[in-house]
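Dear colleague,

I am handing over the structure we spoke about, and below it you will find my notes on the side-chain contacts. Please read them with the structure open beside you.

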Amino acid sequence: IGEGRSLPFCLDESNMDIHYVTDARERGGVLERTGKQTGGMSFFRLRKQVQEIKAICKEQKLDVLHLFGYNRTAHLAGGLCLFGLKIPVVTTMFGAIFPERLSFLTKRLWNRIDAVVTATEFVKNKLESNGIPTKQIRHGVIRDLVKEKGDCEILPKHRVLFWRDMTIENGADVALAAFEKIAPIYPDISFNFAVRKHWEPIEGVEEVESRISNFTVYHFPYSDGITLPKLLLESLCVVMPIRQMSIDPQLVIAETLASGVPIITTNQRSNPEFIQEGETGCLVPLGDVDATTNALDLMLADQEKLLRMGERAKEDISSRWNWNGYASELLELYKSILKK
C-alpha cells in the first residue's frame, strides 16, 4: 500500500496473515485526485500481481480465494483462473459498471469465476441482467458507532445531522438548503454538519452558519469533546440526500440506521432496501430541496414518533443485516463450490 493509505481499522492485524501484492492499476494520487480511479493498468505489474497472488494461495494452502471489488476485480479473478490458479475463486461485487469496454474479452473472464456475490438486490439485478449469475448475501454493519462512543457523555437527542464529505455528490447543498429553512422553526434543535476536508466543497456554508444560531459545522478532526458517535447518537434524525453513490449499500445509511437514528435519503439504487418508508426513515427524489425540507419538517413535528422510528430502524437493520447470517451463508457457498 502506498504512502497515505492504511489498512481497514476492523482488521485484526495480530491474529491474521497480511500480505501485500503489487497494484496493477494506474491510479496516481487518488486521495488528492491527481489520477483517475478508473484509469488503466500496467500489464507488467498485472503479471507480477497475478504471480504474487498465486504464490500466496499455494504457500498458505488456501481452499478458496475470495476477492472484493468492482468489475476490474472480477476480471482479475477470472484472469487468475485463466492463468493456472488451482483453487475456486469467489468475487464479492460492491457495485457493477456496464456496459464494459472489450466485453467480448471480459465475458470470458466473468465465466471463469466460481461464484459472484453481492450484498444488495440492486447490484444482483444489474449483474444478472448482464448474464452473470449472482448470489445475494447481506453482510452486517461495518462501523458500530454505538461501541465507538466509549466513555463519551451522550446527551438526550436534540440534533439533526448531515455527516459525510460536504459535496454536491453527497447532497450537502440540499441538506444545507433544508436546514436553512427549517432551523428557524425549531430553535431548540441543533442542526449540524460533521464533515472532512474536501477538494470540492459546496459554497455558502459559512454564511449560513454566521446567520443561523442553531446551525453549526464541525470539521474533522473535531475538538471540544465532539466525536462523530456523540453527534450521531444525540441526533433525532440524519439528512443524507446523496446524489452519487459509490457503493451498494451506502455504508453511511446502514450505519446511521444501526445506531438507532432514522434517516432521510434519496430514493435510488439500493437505498430502498434499507428504508421502510415512514417507519425507519424517508426517501426523497434526487436534488429535491422541497421534498427534503417537507420530510424533515414532518419528522420534527412529532419527536416522540421520531424516537420510535429510531428504535425500529435499529431493530430492522440488526435483524436483516448482521454478520452471523453473512458468515453462515458464506460458509455454505464455500462448501458448495468445493464439492464441485
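Does Asp-173 count as buried, partly exposed or exposed, and what is its relative accessibility? Asp-173 counts as partly exposed, at 24% relative accessibility. Please bear in mind throughout that this is a predicted model.

Salt bridges

The structure holds 14 salt bridges, and one of them joins the side chains of Arg-243 and Asp-173, with 2.7 Å from N to O. This pair links distant parts of the chain, since Arg-243 lies in the loop between β8 (235-240) and α9 (251-258) while Asp-173 belongs to helix α6 (residues 172-182), 70 residues apart. Arg-243 is likewise partly exposed, its relative accessible area being 25%.

Two further salt bridges lie within helices. In helix α4 (residues 121-129), Lys-124 and Glu-128 are four residues apart, about one turn of the helix, and their closest N and O atoms are 3.1 Å apart in the salt bridge that they form; Glu-128 is partly exposed, at 36% relative accessibility. In helix α11 (residues 303-320), Asp-316 and Arg-320 are also four residues apart, about one turn of the helix, and their side chains meet in a salt bridge of 2.9 Å, N to O. Here Arg-320 counts as partly exposed at 26% relative accessibility, whereas Asp-316 counts as buried, because its relative accessibility of 10% is under 20%. Elsewhere, salt bridges that share partners join Arg-159, Lys-230 and Glu-234 into one network.

Aromatic contacts

The structure holds 11 aromatic pairs. In one of them, the rings of Phe-179 and Phe-191 have their centres 5.4 Å apart and their planes at 65 degrees, so the pair is edge-to-face. The two residues come from distant parts of the chain, with Phe-179 in helix α6 and Phe-191 in strand β6 (residues 190-195), 12 residues apart. Phe-179 is buried at 1% relative accessibility, and Phe-191 is buried at 0%. Both belong to a cluster in which ring pairs link Phe-162, Phe-179, Phe-191, Phe-193 and Phe-215.

The rings of Phe-274 and Trp-321, by contrast, are stacked, because their planes stand at 25 degrees, with their centres 4.4 Å apart. Phe-274 lies in the loop between β9 (263-266) and β10 (281-284), and Trp-321 in the loop between α11 and α12 (323-339), so that this pair, too, links distant parts of the chain, 47 residues apart. Both Phe-274 and Trp-321 are buried. The charged end of Arg-138 sits over the ring of Trp-321, 5.6 Å from its centre.

How values were computed
Residues numbered from 1 in each chain as written. Predicted model: local features only at pLDDT ≥ 70, side-chain atom pairs only at ≥ 80, totals over all residues. Heavy atoms only, no water. Salt bridge = Lys/Arg side-chain N within 4 Å of Asp/Glu carboxyl O. Buried < 20%, exposed > 50% of the residue type's maximum accessible area, 1.4 Å probe, protein only. Phe/Tyr/Trp six-rings, centres within 6.5 Å; stacked < 30°, edge-to-face > 60°. Lys NZ or Arg CZ within 6 Å of the ring centre and 35° of its normal.
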